[in-house]
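Keep the sequence and the model side by side as you read.

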Amino acid sequence: MGLRPRGPGRPESAAPSPEPAAGLPARRAAAAVLFAVLEQLRPLDDALAELGDGKLAGRDRAFARRLVATALRRLGEIDAVLASHLAQPLERAHPRARSALRLGVAQIVHLGTPAHAAVSATVEMMTGHGTDRLKGLVNAVLRRVADGGHQPREGLAAARKNTPQWLWTTWERAYGADAAAAIAAAHLADPPLDLTVPADAEGWADRIGGLVQPTGSIRVVDAGPVAELPGYAEGAWWVQDVAATLPVRLLGDVAGQSVLDLCAAPGGKSAQLAAAGARVTAVDLSPRRSRLLAENLRRVGLPAEVITADAVSWRPPEPADAVLVDAPCSATGTIRRHPDILHLRRREEIERLLPLQDQLLAAAVDMVRPGGRIVFATCSLQPEEGMARIAALIAGGAPVVLDPLRLDEVPGLPEAVTADGTLRTLPSFWADAGGMDGFFAARLRRLSTG
Ligand SMILES: C[S@@+](CC[C@H](N)C(=O)[O-])C[C@H]1O[C@@H](n2cnc3c(N)ncnc32)[C@H](O)[C@@H]1O
């Protein structure tokens, strides 16, 4: 490992407490998932599906998810704590030990796990992958952490320490210093669960124990496993962040209209459109995600024609009344739910996606009838994935005009309507109620010329 604890202290060989560690399967799964994310750069959801969820029962699964999410949200702080107890940089550690140590600190400092339980369980995890010989070191370092009296950082200090500088800078430039701090602070907490309910929202909110929001979503705090909530089996609702429901709203009344959903999977917005009475054609490039989309629509009993195709080149038999482009993007607006994005996303990836977003927008212009509406949306906080794409489209001479939003189109969120008449939500909106995803959306109208 090439690592030693800093300074004198208990000897490395100090035996860990012999008591059997409770929750060991969950901790092992969490370590495997954290390793997959931070060392192999795999998306959190994929790693959880493969290494965590299937192998764990309900309570263990929730614990494993919480451990990993905490480690990812608080990674800056956790690494600083470890650095203060290591004689050499953490980067030199055995990667499996690095993951285990990070989870150990997450438990001791952030989750209030009794130190002896966190230490002994972490030490017990050090088997296989050439890690057995590291038990003593892990034990020594975590005991020092436990003795160190570290407290979680709060407020601005926590927000700054746990946010990569490049992301912070982009948000500060786009929204100002206070907003950047509020965005980063919103990423530190577990988000609530939001549900979209086509009918009887009040009734379902009562049964589920949630609250109906001004936009119509039901918000549930500490919801537990989604599939165990009332209404799941009947397909009475689907999971969708409150901000993610807004782009479809901007299309107005779609009843009886033909609507193309060009980047449709996994289908939250297609379901909204179908529930509002639109004739939906849901297009997605990925066969796997298209299957998921079809399954999701089946579960909630809503109809749509599902097409697996590249929306840049695919064309409908006739122009549509409206087109939604929920474009692939950096997804930095969804860090609350996907804290891996903080550590996996690279600036260059954002640059690479911009041409695709432009092509999808141009395709949408091609597919909508004169007078028809286009909504372009991204779950991104990056301004180049927002208004900059609309400005580029219009500057390029596309036959469209921006159709500004009215304040009453987004109830309870006047702060989300920009001076341009576009939609911009931030994770810090409704902060006291658990925040929301960061979304950009703009509505365009197709002119008859062009
Ligand atoms: C942000 S997600 C869409 C989320 C979806 N609208 C929802 O509300 O559930 C972007 C989707 O675009 C799809 N995609 C990426 N490039 C595409 C292309 N060229 N044509 C069609 N779909 C594409 C991806 O497979 C992905 O499912």
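How many C-beta neighbours does A223 have inside 10 Å, and does A223 count as buried or partly exposed? The number is 18, so A223 counts as partly exposed. Bear in mind that this is a predicted model.

A223 is found in the loop between β3 (218-220) and β4 (238-239). Leaving out residues up to four places away in sequence, A223 touches L193 and L229. Now look along the chain to G256. A223 and G256 are 33 residues apart along the chain, and their C-alpha atoms are separated by 35 Å.

A433 and R219 are 214 residues apart in sequence, yet the C-alpha to C-alpha distance is 8.9 Å. A433 lies in the loop between β11 (423-424) and β12 (440-446). With 13 C-beta neighbours inside 10 Å, A433 counts as partly exposed.

Step back to the whole chain. The protein chain has 17 helices and 12 strands. Its radius of gyration is 24 Å, close to the 22 Å that the globule rule gives for 450 residues, so the chain is as compact as a globular protein of that length. Along the principal axes, the C-alpha trace spans about 80 × 45 × 35 Å. Buried residues make up 50% of the 450 residues. Take the contacts with a separation of 6 or more: residues 24 or more positions apart account for 71% of them.

The protein chain is divided into domain 1 (24-147), domain 2 (155-186) and domain 3 (240-446). The C-alpha centres of domain 1 and domain 3 lie 37 Å apart. Their contact takes 9 residues from domain 1 and 6 residues from domain 3. On the domain 1 side, α1 (24-38) and α3 (58-73) each supply at least two residues. α3 gives the most to that side, with 3 residues. By class, the side of domain 1 that touches domain 3 has 8 nonpolar, no polar and 1 charged residues.

Next, the interior. In soluble globular proteins, nonpolar side chains tend to be buried together. In this chain, the largest nonpolar core has 90 residues. V259, L262, V323, V325, A364, F376 and A441 have the most contacts inside this core. Helix α10 (residues 177-186) gives the most to the core, with 7 residues. Why does this core lie between domain 2 and domain 3? Domain 2 (155-186) and domain 3 (240-446) both give residues to it, so the core lies between them. Take A364 as one of its members. Setting aside residues up to four places away in sequence, A364 touches L262, V323, V325 and I374. Apart from this core lies another, of 51 residues, and among them are L101, V105, V109 and V138.

Turn to the ligand. 18 residues surround it, and the closest are C263, K269, L285, A311 and D326. α13 and β6 (279-284) each supply at least two residues of the shell around the ligand. By class, that shell has 10 nonpolar, 3 polar and 5 charged residues.

Helix α13 (residues 268-275) is mostly covered, with 7 of its 8 residues buried. The buried residues in α13 are G268, K269, S270, A271, Q272, L273 and A274. G277 follows α13, and its phi is positive, near 95 degrees. A cis peptide bond joins A265 and P266, with omega about 5 degrees.

That bond leads to the backbone geometry. Most residues other than glycine have a negative phi, and most peptide bonds are trans. H129 is not a glycine, but it has a positive phi of about 50 degrees. H129 lies in the loop between α6 (115-125) and α7 (135-147). H129 counts as partly exposed because it has 14 C-beta neighbours inside 10 Å. W430 is also a residue other than glycine with a positive phi, near 55 degrees. W430 lies in the loop between β11 and β12. W430 is buried, with 21 other C-beta atoms within 10 Å.

Terms used
Residues are numbered from 1 along each chain as its sequence is written. This is a predicted model: local features need pLDDT of at least 70, side-chain atom pairs count only at pLDDT 80 or more; totals for chains, interfaces and linings use all residues. A nonpolar core is a set of buried Ala, Val, Leu, Ile, Met, Phe, Trp, Tyr and Cys residues joined through C-beta atoms within 7 Å. A residue is buried if 20 or more other C-beta atoms lie within 10 Å of its own, exposed if 12 or fewer, and partly exposed in between; C-beta atoms are placed from the backbone. Helices (H or I, at least four residues) and strands (E, at least two) are DSSP runs, numbered from the N terminus. Domain bounds come from an automatic or database domain assignment. Two residues are in contact if their C-beta atoms, placed from the backbone, lie within 7 Å. Ala, Val, Leu, Ile, Met, Phe, Trp, Tyr, Cys and Pro count as nonpolar, Asp, Glu, Lys and Arg as charged, and the others, Gly among them, as polar. The radius of gyration is taken over C-alpha atoms; the globule rule is 2.2 Å times the number of residues to the power 0.38. A residue is near a molecule or strand if its C-beta atom, placed from the backbone, lies within 6 Å of it.
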